[in-house]
Amino acid sequence: MASRVSASERDVRALAGVVSEIRSDVPTQGLPLSLLSDLKDQIPCDFLLCHGYDTTLQQYWFTQQIPQDNGQEGPVDEGFNRGFWEQYWDCQVCSYPDRTGDLRSIVKVYDFYSVRQWRSTGFYREIVRPQGFENHIQICLSEPPGPDAGPGRSVRLFFLRGPGLDFSERDQALLTLLRPHLQQAYHDAERLRSPVPQLTPRQWDLLHLIAGGRTNTQIARQLGLSEGTVRTHLENIYGRLQVSNRTAAVVRAFPERVA
């Protein structure tokens, strides 16, 4: 007799199906909206937001929302945006990835505050409460190597609920298991948006050797080139791939190696 599947196992299988499904609606930035919609069904919430955060420049470079706003977004409220960034660093849950460098942990409001403490913060009074939200849980994804990558840039997913039921340990545990797969899904979307530029056979030879851990001296000996020629080839490769170092070049050229 087959063993009975527990609720947690069903949840994990359902989420695994969500992230492994091939999506045709890859947007110009962010994650497929169909993926975000399926995630919202698995982790029930009032809204699911996906933002590209640049905390150095204090701006978003993209924003997505489920349910969608049917194109009625309207102009950006500059006052709200300014207030958000003024309060951002004092909000422990929002700024946690920046303050600690920990992009892996799935965090929620009450990991940091009691209900009374949260409601007394400026971020809650000025940003959260006016929008009707009370609880949120956050996933942080890293930017893949590329010309736009830099300090302070990350992708954030926020599952938002109004007053009432907080997100559970089950939600937190499932999202912890899911995060590496979401990271991969984001990198896959980035690769589809920016396919690897065409390289010469010699450049591919160099990249395979770099991926194997060879030094410039070893590459020069193996290919019968001078070290200066190897450096020139590498500079040309970096330019074509729009990266600045060996590691980023390998990640860009061999996406299957991305963890």
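Start by selecting Gln172, which is buried, with a relative accessible area of 16% (buried means under 20% relative accessible area, exposed over 50%, partly exposed in between, with a 1.4 Å probe and protein chains only). Gln172 sits in helix α7. Helices here are DSSP runs of H or I with at least four residues, strands are runs of E with at least two, and both are numbered from the N terminus. Now show what surrounds Gln172: leaving aside neighbours within four places in sequence, Gln172 is in contact with Ile106, Val107, Lys108, Asp111 and Ile137. Contact means heavy atoms within 4.5 Å.

A word on what you're looking at: this is a predicted model, in which local features need pLDDT of at least 70 and side-chain atom pairs count only at pLDDT 80 or more, while totals for chains, interfaces and linings use all residues. Residues are numbered from 1 along each chain as its sequence is written, and side-chain values use heavy atoms, with hydrogens and water left out.

Zoom out for a moment. The protein has 11 helices and five strands, and buried residues make up 42% of its 259 residues. Of the contacts with a separation of 6 or more, 64% are between residues 24 or more positions apart.

Axes are lines fitted to C-alpha atoms, for helices over the stretch in contact, and angles run from 0 to 180 degrees between N-to-C directions; under 35 degrees counts as roughly parallel, over 145 as roughly antiparallel, 65 to 115 as roughly perpendicular and the rest as oblique. Show side chains and you'll find Leu35, Leu39 and Gln42 of α2 meeting Arg170, Leu178, Leu182 and Ala185 of α7. That contact divides into five nonpolar residues, one polar and one charged (Ala, Val, Leu, Ile, Met, Phe, Trp, Tyr, Cys and Pro count as nonpolar, Asp, Glu, Lys and Arg as charged, and the others, Gly among them, as polar).

For another helix pair, pick α8 (residues 201-211) and α9 (residues 216-223), which pack at about 130° with axes 10 Å apart. That makes α8 oblique to α9. Here Arg202, Leu206, Leu209 and Ile210 from α8 meet Ile219, Gln222 and Leu223 from α9.

Now for the rings. How many aromatic pairs does a search of the whole structure find? There are 19, where rings of Phe, Tyr and Trp (its six-membered ring) pair if their centres lie within 6.5 Å, and planes under 30 degrees apart count as stacked, over 60 as edge-to-face and the rest as tilted. Select Tyr53 and Phe158: their ring centres are 5.9 Å apart and their planes at 40°, so the pair is tilted. Tyr53 belongs to strand β1 (residues 47-54) and Phe158 to strand β5 (residues 153-161), 105 residues apart. Tyr53 is buried at 2% relative accessibility, and Phe158 is buried too, at 6%.

Last stop: Asp90, in the loop between α3 (78-88) and α4 (92-100). Buried or exposed? Asp90 is exposed, with a relative accessible area of 59%. Draw a C-alpha to C-alpha distance from Asp90 to Thr121, 31 residues away in sequence, and you'll get 8.4 Å.
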